[in-house]
Amino acid sequence: MIFITILIGCILGAIIGMNVPMISYTYSSYLAIAIIAALDSVFGGITSVINKNFDLKIFVTGFFGNAILAILLTILGQKLNVDIYLAAIVVFVGRMFVNLSIIRRYYVDKWLNKSQNKDKTK
Amino acid sequence: MKKNIKKGKITMIITIGITCFILVLVMSMQFKIVNQTDITSIENMREAELRTEFANWKSKYEDIEQQYDETMEKIEEYRTTSQSNEETEKLVDEELEQLNMSLGKTDVQGQGIEVTLRETNNEEIARINGDDLLVIVNALKIAGAEAISINDERIINMSDIVDINETFIKVNGKRILAPYVIKAIGNSAYLETALTGNGGHVDEMKKIGQDVSIEKSNKVKILKYEGEINLKYIQ
């Protein structure tokens with residue numbers, strides 16, 4: 001059920017996104033930073049699911065809040081002539097790697113346990 | 001209780017679907033932008049690069065504009081100087097023309113008189129000689145004549161009037177024959193009085209019976225000096 005919804009959402013988004021009129025190149029840096037923030041939120045959400053403390057409200061607010069905050073920070077950085085978006089990318093990507101490593105460990109452990117159990121049953 | 005859980009699950013699924021939708025939407029938009037802007041190298045540059053490039057071009061543009069302004073100023077300067085040159089040229093031309101007129105190198109026309117001296121057939125009356133012409137020309141010069149000619153030989157500053165052996169007269173080195181027509185441009189009244197007034201030469205000539213007539217005119221035409229004016233020793 002949940003995978004079907006995700007799939008439908010992804011396909012719909014891809015189709016509409018490809019047919020939406022072009023946005024000026026000037027705003028693409030804002031979009032990029034928003035995407036990074038959103039991806040970070042997604043991986044954070046997956047991690048929290050693995051840790052069994054997933055909260056939908058926190059996930060949704062984090063998803064949108066981080067994206068909007070990242071965009072605002074980038075705009076502020078451009079106004080101040082400081083590349084704040086670099087800091088945002090470092091933080092988000094760093095957190096993404098941490099979350100990814102947690103997910104990886106969880107699944108590796110799970111797989112190892114499974115194979116050990118298989119061995120034991122043998 | 002079960003319904004509650006189901007409701008919560010449905011909202012969760014819907015929310016996650018919406019977030020997925022938005023995420024992929026934005027991502028695909030970004031992909032599209034990046035793909036399309038990759039086509040040309042200029043748009044591929046980072047904004048900072050473009051900014052520096054823009055600043056470079058702007059400074060270049062300003063430089064060129066300044067140069068353009070300077071050049072335009074120079075052109076304006078040249079134009080004004082050339083204009084003043086033209087003016088001076090005009091003035092010089094006018095001066096030259098006037099000089100030529102007074103020198104006798106151009107045909108001139110104006111108010112003046114014509115004195116005609118005819119030889120009489122009477123043997124008793126003295127023939128007209130060069131001195132008569134010389135005296136008349138001198139009198140005309142004193143009366144303010146601006147141009148004088150005898151039988152269309154222009155009298156210039158170095159002109160000569162000579163009587164050769166009491167047989168013929170040479171003006172400007174050329175032989176002239178009677179009747180002698182002396183043309184003079186100037187105030188016609190003054191010129192006439194200078195010749196006909198008390199003690200005037202024409203008056204005296206008339207007294208001894210010579211045939212002299214004076215005609216005033218508003219359009220006396222005097223031809224130019226035909227010879228060349230060569231200055232060899234004047235420095």
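This is a predicted model: local features need pLDDT of at least 70, side-chain atom pairs count only at pLDDT 80 or more; totals for chains, interfaces and linings use all residues.

Begin by selecting residues 28-50 of chain A, which form helix H2, together with residues 56-80 of chain A, which form helix H3; the two pack at an angle of about 150°, with their axes 8 Å apart. Since angles over 145 degrees count as roughly antiparallel, H2(A) and H3(A) are therefore roughly antiparallel to each other, and H2(A) passes H3(A) in a right-handed crossing.

Next, show the side chains where these helices meet: on H2(A) the residues include Tyr30(A), Ile33(A), Asp40(A) and Gly44(A), and on H3(A) they include Phe59(A), Phe63(A), Asn66(A) and Ile71(A). Sorted by class, this contact of H2(A) with H3(A) has 11 nonpolar, seven polar and one charged residues.

Now colour by chain and turn to the place where 27 residues of chain A are in contact with 24 residues of chain B. On the side of chain A, the elements that give two or more residues are helix H1 (2-19), H2 and H3, and H1(A) gives the most, with 12 residues. The residues on this side divide into 22 nonpolar, five polar and no charged.

Finally, select residues 47-103 of chain B, helix H3, whose 57 residues reach 81 Å from the first C-alpha to the last, close to the 84 Å expected at 1.5 Å a residue.

Note on methods: Residues are numbered from 1 along each chain as its sequence is written. Chains are lettered from A and ligands numbered from 1 in the order in which they are written. Axes are lines fitted to C-alpha atoms, for helices over the stretch in contact, and angles run from 0 to 180 degrees between N-to-C directions. Helices (H or I, at least four residues) and strands (E, at least two) are DSSP runs, numbered from the N terminus. Angles under 35 degrees count as roughly parallel, over 145 as roughly antiparallel, 65 to 115 as roughly perpendicular and the rest as oblique. A crossing is left-handed if the near helix is turned anticlockwise from the far one by less than a right angle, and right-handed if clockwise. Two residues are in contact if their C-beta atoms, placed from the backbone, lie within 7 Å. Ala, Val, Leu, Ile, Met, Phe, Trp, Tyr, Cys and Pro count as nonpolar, Asp, Glu, Lys and Arg as charged, and the others, Gly among them, as polar. The expected span of a helix is 1.5 Å times one less than its number of residues.
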